[in-house]
Every structure is written in C-alpha cells, then in structure tokens.
Amino acid sequence: MAIQFFCPSCGQPIEIDDVWGGKLVSCPFCRNTVSAPTTSTLESVTPVVTARPTGTPVAATNPATEPASFSVPLNPPAPHPRRHQDAGTNKPAIVGLIMSLCWIASFILMEILSGPELTKALGENPATEEVRAYFNQLATSGDLPRWVIVMFLLLVVGTLFWILGVVFTIIGVTKPGRRYVTIFSGLILVLFPLFVCGGI
Ligand SMILES: [Zn+2]
C-alpha cells in the first residue's frame with residue numbers, strides 16, 4: 001500500500017511505499033527532505049496521483065507498474081544525527097562506572113590495610129564477632145591506631161563513591177547510548193555489597 005500526500009515543502013502530490021511512513025523521504029519535485037505521514041492525506045485527489053496508462057491492470061501495490069513520474073525515489077532514512085552523537089557521549093554512564101570502580105578500590109584498600117592488623121591482633125581468620133569486639137574495644141579505649149582512622153576515612157570516601165556511582169548510573173540510564181556501561185555499573189553497585197555482606 002502506498003501513502004499519498006502533498007509535499008509539505010513544494011505542495012506537489014507524491015506517494016511512497018507505506019514502509020516509509022513517518023520517515024524522512026526525498027521529494028522528487030523539490031529535492032527537499034520531508035517527513036512522510038504515516039497514512040495517506042490525499043484520498044480525495046487519489047486519481048491525480050495514481051493515474052496509470054490505459055490497459056494497465058490495477059496493481060496499486062506494485063510500484064513497478066506505476067508511472068515513473070509518480071514513483072518517488074527514496075533516500076534511505078538518514079540516521080538521526082543527534083542520537084548517533086549521544087551514543088558516544090553518555091558521560092554520566094562513564095562517570096558512574098569510574099565511581100563504582102573507585103568504590104571497589106577503596107574497599108579492597110580497606111581489606112589490604114585491615115587484614116594484616118587483624119591477623120596480628122586476633123590470629124588467622126578471626127570470626128566476625130571477634131573482629132566486632134576488637135573494634136568496639138579500640139573505640140572505647142579512645143586511643144585509635146592510625147590504620148583504624150585511615151580505614152574509617154576509606155569507609156567514608158568509599159560510601160561517597162558508592163552514592164555518586166548510583167546517582168551517575170541512574171542519570172546514565174536515562175541517556176541514550178552506552179547502555180552496557182550503565183548495566184555493568186549497576187551490577188557492581190548492587191551485587192558487590194551483597195557479596196561483601198555475604199562474606200562478612
Ligand atoms: Zn517537494
């Protein structure tokens with residue numbers, strides 16, 4: 001089925017195959033790129049557009065049988081330039097991923113820092129309860145070792161990274177492009193805490 005309409009640029013009646021409805025097409029008369037409607041808008045003047053040489057069987061769906069002057073050569077729809085550009089510049093998605101990785105890095109740093117100290121104080125593989133009691137004891141003694149203070153700072157910074165990671169990932173999801181980056185950040189931000197909580 002063909003869609004028939006007046007060119008919005010020059011006013012000439014033109015028609016296109018219905019697969020091009022709603023897309024950008026090139027008008028054969030004025031050569032301007034115009035937006036085709038999704039349905040015909042000139043039923044009332046259909047004879048003007050669909051006139052055929054006498055004797056040609058009615059085969060409106062076959063463009064080959066239509067007079068050349070009414071067969072509209074179409075350019076393939078141009079890719080949407082803005083969308084294309086955005087696909088490469090979803091900066092929030094990248095920032096979200098960097099924040100997620102910084103968060104993991106600060107957590108790993110905490111583990112590296114606390115591991116040997118806890119082993120020194122409590123022996124190999126101390127139980128969660130023992131670790132908690134040890135930290136309580138340190139806190140109540142009022143004399144915190146430097147590594148505990150650094151760990152606390154890392155915890156604060158890490159939490160900040162996590163919050164920023166979540167915020168930027170959510171902003172990134174609302175923008176086109178780099179969907180895989182936002183999915184990856186989202187997985188890090190959601191699954192890693194579960195993994196950590198499960199491990200503790
Ligand atoms: Zn035109």
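## Burial and exposure

A residue is called buried if 20 or more other C-beta atoms lie within 10 Å of its own, exposed if 12 or fewer do, and partly exposed in between. In this predicted model, that rule can be applied to Arg31, which has 9 other C-beta atoms within 10 Å and is therefore exposed. Arg31 is found in the loop between strand S3 (24–26) and strand S4 (33–35), and its phi is near 65°, a positive value in a residue other than glycine. Most residues other than glycine have a negative phi.

## The chain as a whole

The chain contains six helices and four strands, and, when it is read along the sequence, these elements follow the pattern β-β-β-β-α-α-α-α-α-α. Of the 200 residues in the chain, 16% are buried.

## Helices H3 and H5

Two packed helices are described by the angle between their axes and the distance between the axes. Helix H3 covers residues 91–122, while helix H5 covers residues 146–174. The two pack at an angle of about 160°, with their axes 7 Å apart, and since angles over 145 degrees count as roughly antiparallel, H3 and H5 are therefore roughly antiparallel to each other. Their crossing is left-handed, and the contact of H3 with H5 has, by class, 21 nonpolar, eight polar and one charged residues.

H5 itself has 29 residues and reaches 42 Å from its first C-alpha to its last, which is close to the 42 Å expected at 1.5 Å a residue. Several residues of H5 are buried, among them Met151, Gly158, Phe161, Trp162 and Phe168. Phe152, by contrast, also lies in helix H5 but is exposed, because it has 12 other C-beta atoms within 10 Å.

A second pair is formed by Lys91 and Lys175, which are 84 residues apart along the chain and whose C-alpha atoms are separated by 9.2 Å. Lys91 lies in helix H3 and, with 12 C-beta neighbours inside 10 Å, counts as exposed.

## Helices H3 and H4

H3 also meets helix H4, which covers residues 128–141, and here the axes come within 11 Å and cross at roughly 95°. Angles of 65 to 115 degrees count as roughly perpendicular, and H3 and H4 are therefore roughly perpendicular to each other. In this contact, Leu118, Ala121 and Leu122 in H3 meet Glu130, Val131 and Tyr134 in H4, and by class the contact has five nonpolar, no polar and one charged residues.

How many of the 14 residues of H4 are buried? The count is zero, and H4 is described as hardly covered. The 14 residues of H4 should span 20 Å at 1.5 Å a residue, and the end C-alpha atoms of H4 are 20 Å apart, which agrees. After H4 comes Gly142, whose phi is positive, near 75°.

Key
Residues numbered from 1 in each chain as written. Predicted model: local features only at pLDDT ≥ 70, side-chain atom pairs only at ≥ 80, totals over all residues. Axes fitted to C-alpha atoms, helices over the stretch in contact; angles between N-to-C directions. Parallel < 35°, antiparallel > 145°, perpendicular 65-115°, else oblique. Contact = placed C-beta atoms within 7 Å. Nonpolar A, V, L, I, M, F, W, Y, C, P; charged D, E, K, R; others polar. Left-handed = near helix turned anticlockwise from the far one by under 90°. Expected span 1.5 Å × (residues − 1).
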